[in-house]
Amino acid sequence: MDARLIEALRSIVGDAGMVRERARRIPYESDGLALLRRIPDLVVLPRDTAQVAGCLRLLHEHGVPVVARGAGTGLSGGATPVEGGVVVATSRMRDILEVNAIDRFARVQAGVINADLSVACAKHGLFYAPDPSSQRACTVGGNVAENSGGPHCFKHGATTRHILGLVIVTADGEVLDLSEPAVEPDGYDLVGLFVGSEGMFGIATEVTVQLLPIPPVVETLLAVFPDLDPACDAVTEMTAARLEPSAIEILDRLTIE
C-alpha cells in the first residue's frame, strides 16, 4: 500500500489507530465465518465520526476497498476483508454519549458492546432488548449492520425495531446525520433501510437506540419433550393462546450432548 496514504491515515487516527504488523492483522482475517479468510493490507481504528469520515474520504480518493468491522462475531462473512483492502474497525468507539431515562433512549458510539449498554442503563430501570448470543462481545454498530437478534426477538423483535436514529459515514466520507429520534419519519425510512445492510451503504458511527423498562419479575420455565415435534407444537399453541414469552429457546438432544 502507498506509503503516503498510510502516513495520511496515521495523521488522522494516530499510531494507536493503526494496525500494520502482519501478526497483529491476522485476527482481522475473518469474522465468525472462519471458512472465509483474508488478511487485510491494513487495519485502521478510528475514535469518532470525524476520524471515520477522514479515513473513508482518503481511501475513496485512492480507490482502496473498505470493509467495516465491529467485534467480528457475525456469522455471515460480512466483515471478511477483500484483496488490497483496508478494514475500518469501530472497536475504539466505545463512548455512551447520552442516556435519556425520561424518553427511554440512549445515544452511543458504534463500538459500544451490546451487554455494556444494558448494564449502563440498568440504574435507570431500563435495558436494551436485542440480545444476540454474542452480546457480551458484539457491538451495537455490528448489530445494526447485521440486524442481529436473539431469544428476546420472540417478544421484542430484532435490532431494527429498536433503532431510532443513526449517524452514517458513506463510502466517500460524507457524514449523514439521521440521529433525531422519530416514531414515524417523514419521507423514506433511511434508518430502516440501513439496518441489516451489512455495510453496503456506509458505516454507522453513532446509534440512537430505544430502551425498555426492566420487567419487575422474570420467571423461567423448563419443559422436557420426548421429541422435537411436540416441542414445536407447544410454541404454536402458546402463540395461538396469545402468550408472549420475553424469550424462548429450544435445545435438541444433539445440542445438549
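The model is predicted. Four strands form an open sheet with mixed pairing, and strand 6 (residues 105-109) is largely enclosed by the rest of the structure, because four of its five residues are buried. A nonpolar patch on the surface includes Met200.

- The strands of the open sheet follow the order 1-2-4-3.
- Strand 1 (18-19) and strand 3 (66-69) are the edge strands, each pairing on one side only.
- Three bridges join strand 2 (residues 42-44) to strand 4 (residues 86-89) in the parallel sense; Val44 has Val88 in strand 4 as its bridge partner.
- Helix 3 (residues 49-61) lies across strand 2, strand 3 and strand 4, and runs at about 165° to strand 4.

**Strand 6 and its partners**

- Strand 5 (residues 96-100) pairs with strand 6 in the antiparallel sense over four bridges, and Glu98 stands opposite Arg107 in strand 6.
- The hairpin of strand 5 and strand 6 has four residues between the strands, and Arg104 in this hairpin takes a positive phi near 60°.
- Strand 6 also pairs with strand 10 in the antiparallel sense, over five bridges; here Ala106 stands opposite Val209 in strand 10.

**The nonpolar surface patch**

- The patch is formed by Leu176, Tyr188, Leu190, Leu193, Met200 and Phe201, which together have about 700 Å² of accessible area.
- Met200 is located in the loop between helix 7 (190-194) and strand 10 (203-210).
- Met200 counts as exposed because its relative accessibility is 68%, and the cut-off for exposed is over 50%.

Definitions and conventions: Residues numbered from 1 in each chain as written. Predicted model: local features only at pLDDT ≥ 70, side-chain atom pairs only at ≥ 80, totals over all residues. Heavy atoms only, no water. Pairing = 2+ DSSP bridges. Helix = DSSP H or I, 4+ residues; strand = E, 2+ residues; numbered from the N terminus. Contact = heavy atoms within 4.5 Å. Axes fitted to C-alpha atoms, helices over the stretch in contact; angles between N-to-C directions. Patch = residues over 30% accessible without salt bridge, like charges linked within 9 Å, V, L, I, M, F, W, Y side chains within 5 Å. Areas by Shrake-Rupley, 256 points an atom, 1.4 Å probe, with all protein chains shown as cover. Salt bridge = Lys/Arg side-chain N within 4 Å of Asp/Glu carboxyl O. Buried < 20%, exposed > 50% of the residue type's maximum accessible area, 1.4 Å probe, protein only.
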